[in-house]
Amino acid sequence: MLIRWCAALVVLCPLLWTSQAGAAERWSGLVETIFQNYGREQGMPHPVPVALAQDGDGFLWVGTQGGLARWDGYRFRSYQPDPKDPGSLPDSYIQTLHADPKGRLWVGTSAGGLVRYDRDRDRFIPVALGEPGEGRTHVGAIVDDGSGGLWVGTDDGLGHLPADATAATMLRYDEGDPGSLPEGPVQAVLPDHEGRLWVGAQKGLARRDAGTDRFVPVRLPISSDSQIGVTALFEDAEGRIWIGTNRHGVYVIEPGIAEPQALVETEASGLDIRSDWVSAIAAASPEEIWFATRANGILAVNPGTKSTRRIRHDRTLPGSLAHDDVWALLRDSAGSMWAGGTGGLSYHGNGLGAVSTIFGASDRANGVTGADVYSVLAARDGRVWLGFISGGVDVIDPTAGRIAQLRPDSARPETALPKDIVMALAEADNGDVLVGTFHGLYRIDGKTHEASLMRVSPGRDPREPVTTLLIDDGILWVGGVKDGLWGLKLADKDHPVVFGPADAAQLNDKKIDSITRGLGQDLWVGSRNGLNRLDLATHTMERILADPADPMALPARFVSSTLLDRQGRLWVSTFGGGVAVMIGRRPDGRPMFHRLGTLDGLPHINIDKLLLDGRGQVWAGTDDGLAVIDPTSFAVRALRHAEGSALLDYFTGSGATDLAGEPLFGAKGGLSVVRGDLLSDWTFRPPVVVSDIRLGGNPVAPTRFNGAGSREPLVLTPDTNSLAVEFSALDFSAPERNLYAYRLDGFDRDWIPTEASRRLAAYTNLPPGSYTLRLRGSNRDGVWTERDVDIPIRVLPAWYQTVWFIIAAVLAALALVAAVVRSRTAYLRARQAELERQIVERTADLSAANERLFELATIDPLTGCANRRHFVERANDLIALSRRLEAPICLAIMDLDEFKQVNDSYGHPAGDEVLRMIGRTSREHIRATDLLGRIGGEEFALLMPNTDVEGAHHFAERLRDAIGAEVADVEGTILRITVSLGLAEMRRGESFEQLYARADAALYAAKEAGRDRVVVDAAAE
């Protein structure tokens, strides 16, 4: 077996090392360009973004038809015109945006002219274009002039704004001057690397060569004599000039060739670029330039080969382009692409090539027909067979797309697939494909694709489910749901059974999910109750059961897939136990496993499928994305949306590695194609910026501390001695994964970590003095940025904290003491001492009595927790505070399981001891900010401020485990108690009583589900 396995590798290796370009060509007609879409839900002021720019600090600016917005990865900050504020925007319709080499943002509006954003004062400075009083000024283009100034295209011509100037000089069309600008509004301007200036206007294109002041018309090759409106200009890295037009497509001027050439669309998309209105052009990568069109999405062009592909909105796909009406394009500092248009803002991350997504049930003519891919077969001819959860099979050519479709037909049960789950696929030696469905096993003719129902054995119902298939050495192995494992000689006409029910009785369970041929005579069979090793020579079975408590044993019962790596080791994926790698055997012969779980980096503990890629790396499809595992070091790297894994929920056993060494994973929503050679580390180091500052609750211009930063300190007066600073690391690829921390030098000893959802450094009542607030952030992989943001802070003293007041107070005190000493006699001093002693004693007694009264009024004497009345009062206070801070807060209701049996069996003293143990254990585990109370009987309540439902769920599970590990000793009898918890997160506008009712309902659900668990209110999940 080992020789045959190694020989197969030798045959496949030349195919596995497919070039990157070849891999892209194989799937380019099927994979989707994945986007993350943003709109009003994230705070964008208008649903149609028409202009994009990234400033020197790293903020993304979005100009819309209804205002300007700044994006920090978490929320939009909106800017609107305000007639009462001269520093506001002059117009809400933003036409164009531009960031100059100094990182300053310039804003061109539809009717309000040109303004520059002053980040230090958080306001806009107008720039004069043309003569004052000329009316509406529409700005259509802004570009650098190469000397620190700007070229500004307007409806009135071309403006030139020299460096540091406050007004622009205008060049205009002159009908009598053939060397003037083209006629009409200037819509596009491009200074190229040779010093030439290209100007696109409503009625044509002109070029001004370096060293001249005359424009030369550049005619585009069209059949009519009419002038073409030029709407976009772009120079690529090779010096090509790309020209976008209004409904006449795209043209390119190659280096050394004077005449423009029309671009011809090469993809059979049913569209014609020659009639497109091109609104923007940007380089998405060295190999691809994107052209935004106003009705047909984005045209992606390889600048060298001129091959094209369309990126369009697909209403059936959640991650498609937001809309086909695209106005603006931008490549940001991380190399990711942004597209703005009618449907909102679309983001396509850089570095997504390692995982490509083929969505099911898309609008593609040759695409995958089924929505959910439940089984995958990589055939020997290079084609890929996909079985669907809704029934039926597609045959996919990675280059040409779908070439065949086997539709289910319940009316022909003998000659057509049933309309039910296709659970397994396998290829026979003659090229036929065997299809395991929930209603039997079918053979598909490899040439005609005709289907026929197979009968495994007279003793097996042909309609029984088939969950997994393996063909090895001419034996067809069939796994079922109710009858375990069958082995048939496939080549013989009657398919004699070589392994049947009598043999399968040795299995540890009859529900089979995986079959893998091992080394020697081993056949590995995974079931819902562990793992089995079948000796093919003797038909004896070794049953390997799970033991979660043994770190070297199989971690969970449900074995979803098995895999043999290049070292011959067995890898086992499980539901609930992660991955286990068999690394040897113990002295008593039992297998030893090395476990990998979420603490090792797996994105989820449920693993659906393991596959080996062409480089020998192990890939895992999970219930929350993909992961790649180094088989040597066992290092795990999780892949989610940011790495291109648009599909996150994969199916058990659904996957195969194709002849190119690409793992293919079937998932809810389609198919993931993995190209491990394209996986690289995320090296982008985002800038950390201040996005908001509040002094005493009042806003202060925050961005002056970004970049080189301002050294002028923030001054906190005694009336405004509170500080709140919001900050962000501008890694837009997965901002929820960025890490954050802050430290106030002179006040904090260590860095204080904070979550991405609450990036706020807040302080109140700081002592007078000078401080430095340091802010830091990471990229999505947790790598901290090289430079922190430093904000100098000066806290001014109140009048009673000044040096002069303190000196005066000391002098006055000294004078008073001297007067008292001189005026008092020894008798009075003694009398005073006696009186002071009595006062101290009585005060102590009174304080002790007051403390005891307070404790009796607020504390439950048995458990030491807050009583019900005190808990409700404090809970309402904490909820009110959370609303003011807009912070999350969660409530857990905890009830002891089967507590009545304790009282009935051991008496109420035993019950009291259990309650004391519960109170003590709970108090030891909660935070100082949490509120714990005994509500009544065996019911407790826990209020967790500044905690979202995910964090509260994690804490509740820890508390439940801690209580379950404790015991109560009642006169030598050891009692163990479990608890059930119901958890809910406060909603906006909700009262404490409503929150309590939802948490109590979740507790009831926990009781109904079997106790000893935490159930989260369904609305909070």
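**The cores**

Modeller: This is a predicted model. In the largest nonpolar core, which has 33 residues, M894, L896, V914, I918, L942, M944 and L983 touch the most other members.

Colleague: Which elements give two or more residues to this core?
Modeller: They are β66, α7 (899–906), α8 (908–925), β68, α9 (949–965), β69 (967–970), β71 and β72. The largest share comes from α9, with 6 residues.

Colleague: And what does V914 touch?
Modeller: Leaving out residues up to four places away in sequence, V914 touches L896, F899, V902, A968, L975 and I977.

Colleague: Switching to helix α10. How far apart are its end C-alpha atoms?
Modeller: They are 24 Å apart. Helix α10 has 17 residues (992–1008), so at 1.5 Å a residue it should span 24 Å, and the two agree.

Colleague: Which of its residues are buried, and what do they pack against?
Modeller: The buried ones are F992, L995, Y996, R998, A999, A1002, L1003, A1006 and K1007. They pack against α6 (868–885), β66 (889–896), β67 (931–936), β68 (939–945), β71 (979–985) and β72 (1014–1016). Just after α10, G1010 has a positive phi of about 120°.

Colleague: How many bridges join β32 to β33?
Modeller: There are 5 between β32 (393–397) and β33. I396 stands opposite R402 in β33.

Technical notes
Residues numbered from 1 in each chain as written. Predicted model: local features only at pLDDT ≥ 70, side-chain atom pairs only at ≥ 80, totals over all residues. Heavy atoms only, no water. Pairing = 2+ DSSP bridges. Helix = DSSP H or I, 4+ residues; strand = E, 2+ residues; numbered from the N terminus. Expected span 1.5 Å × (residues − 1). Buried < 20%, exposed > 50% of the residue type's maximum accessible area, 1.4 Å probe, protein only. Contact = heavy atoms within 4.5 Å. Core = buried A, V, L, I, M, F, W, Y, C linked by side-chain atoms within 4.5 Å.
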